[in-house]
Amino acid sequence: MSDIGELSLFSFVLSSGLLFIGLLFFIAGSIGMLRFPDSFSRLHAVTKADSLGLGSVIAGLMFYSSWWQNLLMLLIWLLVMASGTVSCQLLARFCKAKQDQA
Amino acid sequence: MAITRSKPKITQLIVAALAIALCWAALTENRGWWFFIPVCGAILLWLYFANIQVPAIRWRALPGFLLFFARQLVLGAFDVGWRALAPEQKLAPGWQRYPISLSEPASQRLLASMISLLPGTCSAEIEQHPPQAAQLLLHVLDQQADWQAGVIALEQQLARLLRQETPAGTTL
């Protein structure tokens with residue numbers, strides 16, 4: 001709790017809210033992955049909800065870190081988003097090709 | 001299509017150096033800048049002599065593009081999250097084709113990747129049939145929803161942002 005003591009109440013509430021929203025998006029994405037009917041729709045759930053969820057978690061964590069750590073987290077977010085969309089595309093292409101074969 | 005590579009411009013090299021410096025600061029806990037200078041110099045020389053083009057963008061269009069993309073990202077995540085959590089599922093997934101009007105293969109790939117973050121769309125393939133325009137094979141979550149509007153808007157934004165492309169309208 002000693003780290004939290006340095007934050008003002010306002011930034012503490014804001015960062016907690018952002019962390020919570022990020023968590024909700026991760027949960028929604030995971031539920032979507034379980035509930036959606038086919039593998040293509042599941043890809044939608046994972047890529048979109050998780051990239052915004054991670055962004056929100058990172059925005060919440062930014063209140064606790066120094067500027068270069070924030071920069072590192074932003075870099076991680078960009079890389080995760082980029083790899084998420086590219087791998088989504090590749091998975092969709094692979095599933096489609098397999099479906100067309102069958 | 002013959003692609004002749006030219007040398008990167010000085011402004012492109014400066015932007016590349018700034019990006020490399022930011023990555024260095026993040027990855028090395030903001031230390032070791034004396035070692036950064038020769039590394040950065042070597043990378044810039046390599047970019048220059050190997051004719052590697054850093055994608056040139058129109059800086060005036062950047063803030064608008066970032067705002068647009070952030071908004072679409074949030075809308076897309078809300079859309080898919082809502083569909084996942086709603087008690088009865090309102091899905092009508094299916095395949096759709098979209099003719100791309102961007103000309104460069106690199107920008108077409110960028111469009112295909114970014115579409116996966118837009119609400120309700122996910123790209124699977126860029127189909128090239130040389131006489132016709134390239135087509136994007138998209139998986140759409142809800143075929144009743146207006147998915148075209150988002151894709152067209154993203155394409156216009158990309159055409160405004162990238163210098164290799166010419167935007168459709170003259171207003172910028």
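**Reading chain B around B:Val80**

Mentor: Let's start with B:Val80, which sits in helix 3 of chain B. Helices here are DSSP runs of H or I with at least four residues, strands are runs of E with at least two, and both are numbered from the N terminus. This is a predicted model, where local features need pLDDT of at least 70, side-chain atom pairs count only at pLDDT 80 or more, and totals for chains, interfaces and linings use all residues. Residues are numbered from 1 along each chain as its sequence is written, and chains are lettered from A in the order in which they are written.

Trainee: Is B:Val80 buried or exposed?

Mentor: Count C-beta atoms, placed from the backbone, within 10 Å of the residue's own: 20 or more others means buried, 12 or fewer exposed, and in between partly exposed. B:Val80 is buried because it has 28 C-beta neighbours inside 10 Å.

Trainee: Which residues is B:Val80 in contact with, leaving aside its neighbours within four places in sequence?

Mentor: Contact means that two C-beta atoms, placed from the backbone, lie within 7 Å. For B:Val80, the list is A:Gly32, A:His44, A:Ala45, A:Lys48 and A:Ala49.

Trainee: How many residues of chain B are in contact with chain A?

Mentor: On chain B there are 29, in contact with 28 residues of chain A. Helix 3 of chain B gives the largest share of chain B's side, nine residues. Other elements giving two or more include helix 1 (10-27) and strand 2 (121-127) of chain B.

Trainee: And within chain B, how far apart are the C-alpha atoms of B:Val80 and B:Gly120?

Mentor: They're separated by 7.1 Å, though the two residues are 40 apart along the chain.
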